[in-house]
Amino acid sequence: MFRDFALRKGTEFNYLQQLKAIKHKVNKEYPVTFGEMEFMLWATDFEFWTLRFASKQLNMYKNKMAERVVYPLANKGYVYKFYDRLTTAGKYEDFLFRDETKFNYEVRYALTQKGRNLVSRFYRELEAMPVVS
């Protein structure tokens with residue numbers, strides 16, 4: 001009755017309760033912004049992605065996402081071009097049944113090992129934060 005809070009029965013630890021603290025820590029100690037970190041958290045499950053796919057998934061304009069998130073992450077070494085435009089490893093027959101050719105082929109991006117390590121660090125620090133009990 002005189003406690004500051006009481007957890008509901010059967011409630012497990014909710015990492016989102018630590019969101020404000022981890023956001024402050026990212027802004028203070030990490031070499032990326034929190035928006036860039038959110039993007040890397042989203043991208044960590046994919047081997048590669050296109051800007052069109054990512055913008056549709058994250059409900060952002062493709063060009064804005066590229067300028068504000070992907071290109072700065074690439075310049076910092078956290079994202080790289082998995083498949084570049086003119087490096088498609090296909091034969092002419094492979095392109096006959098696809099809408100993409102080597103001239104309109106979209107670049108596929110991926111997280112570098114440096115990016116994956118930063119995401120792992122984020123999760124480790126999130127798990128090490130004090131638990132409300």
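1. A word on terms before we start: angles under 35 degrees count as roughly parallel, over 145 as roughly antiparallel, 65 to 115 as roughly perpendicular and the rest as oblique. Axes are lines fitted to C-alpha atoms, for helices over the stretch in contact, and angles run from 0 to 180 degrees between N-to-C directions.

2. Please keep in mind that this is a predicted model, in which local features need pLDDT of at least 70, side-chain atom pairs count only at pLDDT 80 or more, and totals for chains, interfaces and linings use all residues. Residues are numbered from 1 along each chain as its sequence is written, and side-chain values use heavy atoms, with hydrogens and water left out.

3. Now the overall layout. The protein chain has six helices and two strands (DSSP runs, H or I of at least four residues for helices and E of at least two for strands, numbered from the N terminus). Along the sequence they follow the pattern α-α-α-α-β-α-β-α. Of the 133 residues, 33% are buried (under 20% relative accessible area, with exposed over 50% and partly exposed in between; 1.4 Å probe, protein chains only).

4. On to the helix pair. H1 and H6 pack at an angle of about 135 degrees, their axes 11 Å apart, and are therefore oblique to each other. Ile-22, Lys-25, Val-26 and Glu-29 of H1 meet Arg-121, Phe-122, Glu-125 and Leu-126 of H6 (contact means heavy atoms within 4.5 Å). By class, this contact has four nonpolar, no polar and four charged residues (Ala, Val, Leu, Ile, Met, Phe, Trp, Tyr, Cys and Pro count as nonpolar, Asp, Glu, Lys and Arg as charged, and the others, Gly among them, as polar).

5. H2 deserves a look of its own. Eight of its 10 residues are buried, so H2 is largely enclosed by the rest of the structure.

6. Finally, Trp-49: leaving aside residues up to four places away in sequence, Trp-49 touches residues including Phe-39, Trp-42, Val-79, Arg-108 and Tyr-109.
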